[in-house]
Structures are given as structure tokens and as C-alpha cells.
Amino acid sequence: MTTARRERERLAREGEILAAAEKLFFEKGFESTTMDEIARESEFTKRTVYQYFISKEDLFSAVLLKWTERLMDAIRKAVGDGKTGFEKVRLIRDANYRFAKEYPNAFLMMNYAQYIKSNLAVCPHYGKIIGLNKEMFEMFGKMFEAGKQDGSIRQDFNIQLGKFALFF
């Protein structure tokens, strides 16, 4: 068996495990989903699941990363369509709203992550999520600043508060 084929098979198994975990997290929530159920749903042994993901939190963060990337892609696209800073901020807000309407389970999951008591910071995917969130937060600040520069946003507008309001 070639290395390329092994890698394709590994990625396929990982994808099946992720799909099963996502389905169960959406249906039952993080707390009520067990690794045994994820193994059963993915049709792999629990041992196989643990070969790909170090914990349930790791699986959760991998699913969360997928949806964070999708939201970030929508936001990047939206920003490209705006001409003024205010327009870009409005388009970001609209992209967030559409995302929440189109993917309500993912949106709820993304907001639930802060309540997980386990340490997500040790999960390999979580660092990427933090990076995307930081990029998003910085982008919001740049859009507000651009609006101040082009006159579409008042000069006395508090950018820091605006970033938090748009992000959360």
C-alpha cells in the first residue's frame, strides 16, 4: 500500500469520526455525548477513535475548528464586498447573522465552548481556533478604524467596545 493511499484512508477515517462526533454533539450536546457513543456512531472501536483524537474535548475542538473556519471564510468574503468601514462592519454583522440562521447547531456549539470545564487549551485544534478568533477580532478593529478614517463611523466611537460587541 502506498503512503498516499494510507494518508487518504487515515483522513477518511478521521473525517468519519468527526462527522459522527458532530452529529452527536449537535443532537445531545457536549456533556451528554460519550466517546463510546462516538465510536459506535462512527463504526470504529473506541481505541481507533483515541488514535485520532486524544479526548472528547479534542474531538469537540476539531468540530469547532471546522465551523470557526467556515464562519471566518464567510466574514472574509463579506468584508471584500464593502466599500466603507461602516459597510464592512454591517456586512460582518450580516454574515454572522446568516451563519447563525443557516447553522444554528454550530452557532450554539461555538458559544458553548466557553463553558467546557476541561482544559481545551491542551487540544491540538484549539490553538488554531484561538488564532482565528484573534484574526477575527483584529479584523473588526480594522473595519471600525477604516470607518473612522473614511467618515462613515463617528470619531468618538469606542473601537474596543465595538470589537467586543461585534465578536460576542
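Glu7, Arg10 and Glu14 are joined in a network of salt bridges, a salt bridge being a side-chain nitrogen of Lys or Arg within 4 Å of a carboxyl oxygen of Asp or Glu. The structure is a predicted model, in which local features need pLDDT of at least 70 and side-chain atom pairs count only at pLDDT 80 or more, while totals for chains, interfaces and linings use all residues. Residues are numbered from 1 along each chain as its sequence is written, and side-chain values use heavy atoms, with hydrogens and water left out.

Across the whole structure, a search finds 14 salt bridges. Side chains of opposite charge can pair when their charged atoms come close. The table gives some of these pairs.

| Salt bridge | Closest N to O distance |
|---|---|
| Lys66 and Glu22 | 2.9 Å |
| Arg93 and Asp94 | 2.7 Å |

The salt bridge of Lys66 with Glu22 links distant parts of the chain, with Lys66 in helix α4 and Glu22 in helix α1, 44 residues apart. Helices here are DSSP runs of H or I with at least four residues, strands are runs of E with at least two, and both are numbered from the N terminus. Lys66 is partly exposed at 35% relative accessibility, whereas Glu22 is buried, at 14% relative accessible area. Buried means under 20% relative accessible area, exposed means over 50%, and partly exposed lies in between (1.4 Å probe, protein chains only).

Glu135 is partly exposed at 31%, and Arg76 is partly exposed at 36%. Arg93, which pairs with Asp94, is partly exposed at 47% relative accessibility.

Glu22 sits in helix α1, which covers residues 3-28. Not counting residues up to four places away in sequence, Glu22 touches Val63, Lys66 and Trp67, where contact means heavy atoms within 4.5 Å. The side chains of Glu22 and Trp67 are joined by a polar contact of 2.8 Å. A polar contact is a pair of N or O atoms within 3.5 Å; within protein, one must be able to donate a hydrogen and the other to accept it, and residues adjacent in sequence count only if both atoms are side-chain atoms.

The protein has eight helices and zero strands. Its C-alpha trace spans about 60 × 40 × 30 Å along the principal axes. Of its 168 residues, 42% are buried.

The largest nonpolar core has 46 residues, and Ile17, Phe25, Ile38, Val49, Leu59, Phe60 and Ile75 touch the most other members. Such a core is a set of buried Ala, Val, Leu, Ile, Met, Phe, Trp, Tyr and Cys residues joined through side-chain atoms within 4.5 Å. Helix α4 supplies the largest share of this core, 12 residues. Leaving aside neighbours within four places in sequence, Ile17 is in contact with residues including Ile38, Val49 and Leu59.

In helix α6 the buried residues are Ala106, Met109 and Met110. They lie on the same side of α6, because they cover an arc of only 100 degrees around the axis, taken from the directions from the helix axis to the C-beta atoms. These buried residues of α6 pack against α1, α4 and α5.
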